[in-house]
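Hi,

Here is the structure we talked about. Please open it alongside these notes.

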Amino acid sequence: MPVNPALETLMLVFSPDEDGVPRDRCLFLGAEPHPALSEWSDIVGWQPLKPKADAWERAGFERIDHLGDRKFPLAIFLPGKSRDETLAGFAIARDALVPGGRIVTALPNTSGAARFEKEFAKATGEVESIQKHKCRAFHAVHGDSWNETLFDEWRALAIPRAIDGSPFVTTAGVFSEGRIDPGSKLLADHLPASIRGKVADLGAGWGYLSDCVLRRCPDVERVDLFEADARALACARSNLADHPSRDLGFHWHDVTTGVPGGFDAVVMNPPFHSGQAEDVGLGRSFLATAAAALRRGGRLFLVANRQLPYESVLTELGFAHRSPAGNETYKLIFADKR
Ligand SMILES: C[S@@+](CC[C@H](N)C(=O)[O-])C[C@H]1O[C@@H](n2cnc3c(N)ncnc32)[C@H](O)[C@@H]1O
């Protein structure tokens, strides 16, 4: 994986020019490997996204799934794309600090770095800042003047919340946070009740499509949810708790590495954004995984943005396919594995 420019900028805080910034015993929230980190003697990473968590471990670093009560003199934080996730992350970093510890964070300018630096300064007072690589890194040392009330507000943003008018909960930073995705809704509205047997939900998010399958399709025996974001998967467990009599599997998993085979049906709204850049390759890789996971005669039900060229990929993979519905933004593709 190429190094994230925000991480490059963050690392400048620890360069020899910025003397005095200590780097011992560090918690890295949103951990991603960087060559310079291999010189750090004591660093532990938390990363909810499976492909990045795998990259972190492959690079030889220690990873934790739960933050617990451990405290650190240094917390570095690479936020994702959501506002609430970023503000909640500041509070989580704060909670992990020993008195007098330091938070260092960095964001791309296009993700509102200047705005978030101002928010951070509201809570911490004095902030030091570096701008490079079209990103901004900023940091502050804990002291009595930190605004704990503001951190309390931000901490609450990480608590899963119900979507208005629905039984579903989502949490900060996950796909389709606080709403049902309109593409997924279109697919849910057209899923046939005849789906049966073993079903895989690839990129299952917080469980919306799986819930629909379980409600609509009485002959489904089992649903396996494969999802890269551990936070979304935790929401899915809670969102599917209403189906105690059904056989469910929750897998924190990178779908591009394949899934076990033998499924009768696959449902999915494949991702096509990895980070900020459009990545049709990720969607293609999901289709290849679906093809390998289905038994002969198995059925694939997917929704995609209109412009994505998935039909040709499905033909290459040996599917017979049709588009039963669509609108200005989305198309449904139903396919049978020959
Ligand atoms: C377009 S969303 C659909 C989510 C959910 N199925 C729905 O309909 O609301 C795609 C999902 O794929 C997940 N994802 C992205 N890359 C992944 C990967 N490599 N392996 C597994 N899941 C991935 C994202 O976290 C996201 O939840």
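This is a predicted model: local features need pLDDT of at least 70, side-chain atom pairs count only at pLDDT 80 or more; totals for chains, interfaces and linings use all residues.

Helix α2 itself spans residues 50-58, and its buried residues are Lys50, Ala53, Ala55 and Trp56. What covers them? The cover on the buried residues of α2 includes four strands: β1 (26-29), β2 (43-46), β3 (62-63) and β12 (247-252).

Now the ligand. It has 16 residues around it, and Ser184, Gly203, Glu227, Asp254 and Val255 come nearest. By class, that shell has 8 nonpolar, 6 polar and 2 charged residues.

Look at the ligand nitrogen contacts:
- Asp254: an N or O atom of its side chain is 2.8 Å from a ligand nitrogen.
- Val255: a polar backbone atom is 2.8 Å from a ligand nitrogen.
- Ala228: a polar backbone atom is 3.1 Å from a ligand nitrogen.

On its own the ligand has 600 Å² of accessible area, and the protein covers 90% of that.

Last, the cores. The largest nonpolar core has 35 residues. Leu187, Leu191, Ile195, Val199, Val213, Leu225 and Phe301 have the most contacts inside it. Several elements supply at least two residues each, including α6 (182-190), β11 (220-227) and β16 (294-305). Helix α7 gives the largest share, 5 residues. Val213 touches Leu191, Val199, Val220, Val223 and Val267, leaving aside residues up to four places away in sequence. There is also a second, separate core of 27 residues, with Leu27, Phe116, Phe138 and Phe151 among them.

Best wishes

Technical notes: Residues are numbered from 1 along each chain as its sequence is written. Side-chain values use heavy atoms; hydrogens and water are left out. Buried means under 20% relative accessible area, exposed over 50%, partly exposed in between (1.4 Å probe, protein chains only). Contact means heavy atoms within 4.5 Å. A residue is near a molecule or strand if one of its heavy atoms lies within 4 Å of it. A polar contact is a pair of N or O atoms within 3.5 Å; within protein, one must be able to donate a hydrogen and the other to accept it, and residues adjacent in sequence count only if both atoms are side-chain atoms. Accessible areas come from the Shrake-Rupley method with a 1.4 Å probe; for residues, only the protein chains shown count as cover. Ala, Val, Leu, Ile, Met, Phe, Trp, Tyr, Cys and Pro count as nonpolar, Asp, Glu, Lys and Arg as charged, and the others, Gly among them, as polar. A nonpolar core is a set of buried Ala, Val, Leu, Ile, Met, Phe, Trp, Tyr and Cys residues joined through side-chain atoms within 4.5 Å.
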